[in-house]
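Visitor: Could you walk me through this one? I would like to start with the terms and then go on to the details.
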Amino acid sequence: MDGQEQGRTYREEADLRETMGETMDISTKKCIPSLDKHCKAFIERSPFLCIGTSGESGRADVSPRGDPPGFVQILDDNTIFIPDRPGNNRLDTMTNIIENPNVGLLFLVPGFDDTLRVNGKATIVRDDKLAEAAVVNGKEPKVGIMVEVQEAFLHCAKAFKRSRLWDEESRQNRRELPSLGRMILEQTAPPEEPPTEETVKETDEFVEENYRTELY
């Protein structure tokens, strides 16, 4: 912050509370220790979630998961199963879970401004019965993430209303940014060797082919 006065940094909750105020009563009461009918109905409608993890060293990661609505299997009031689909094999989420099982989930439903948050402990499992129930396009997931639900609560719509995320007029033209392939190549190429147009074209074609053939 060159040329600007450094702002205040908060390191104690009491100091932060003095500025922000106390938690609303309903926000405290709404947190429940298991999935009720409303949570289950939300999960059954959801085709998309984000999962937050942190490794033993504190390295944090947030990763998206998506499939047709109902892809997250509700096994009982305190257990859900998230099938793992083919990706880039970085395995950031799953290696973090092996080191630290604490996870946070955010479930979204297209058109809904409110969301569902679920916190708990996760394990990586391979289960033939669960995998069979998660078949899409004839392909089973190799493994999945089992989450022991410890708390669940509905989250208000303020962030989505502010962002107008689902509004048609909020949609942006993807062509206003470079392709995914071009951006990654430019991020990773040495400054003295920028990617050629031929390389960009080949990479973009590879990405699109991978979408067509490796979603499942």
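Guide: Helices (H or I, at least four residues) and strands (E, at least two) are DSSP runs, numbered from the N terminus. This is a predicted model, in which local features need pLDDT of at least 70 and side-chain atom pairs count only at pLDDT 80 or more, while totals for chains, interfaces and linings use all residues. Residues are numbered from 1 along each chain as its sequence is written, and side-chain values use heavy atoms, with hydrogens and water left out.

Visitor: Okay, where is Leu 91 placed?

Guide: Leu 91 lies in the loop between β4 (79-83) and α4, and its phi is positive, about 60 degrees, although it is not a glycine.

Visitor: Switching topic, how many helices and strands does the protein chain have?

Guide: The protein chain has eight helices and seven strands, and 27% of its 216 residues are buried. Of its contacts (heavy atoms within 4.5 Å) with a separation of 6 or more, 65% are between residues 24 or more positions apart.

Visitor: What volume does the largest pocket have?

Guide: The largest pocket has a volume of about 1300 Å³, and of the 36 residues that line it, the closest to its centre are Arg 85, Pro 86, Gly 87, Asn 88 and Asn 89. On a 1 Å grid over the protein atoms alone, a pocket is an open set of points where a 1.4 Å probe fits, with protein on both sides within 12 Å along at least five of seven lines, and lining residues have an atom within 4 Å of a point. A volume is the space filled by probe spheres set on the points, which are joined across faces, edges and corners.

Visitor: Which element gives the most to that lining?

Guide: β2 does, with six residues, and β2 (60-66), α4 (92-99), α7 (180-188) and α8 (197-213) each supply at least two.

Conventions:
Buried < 20%, exposed > 50% of the residue type's maximum accessible area, 1.4 Å probe, protein only.
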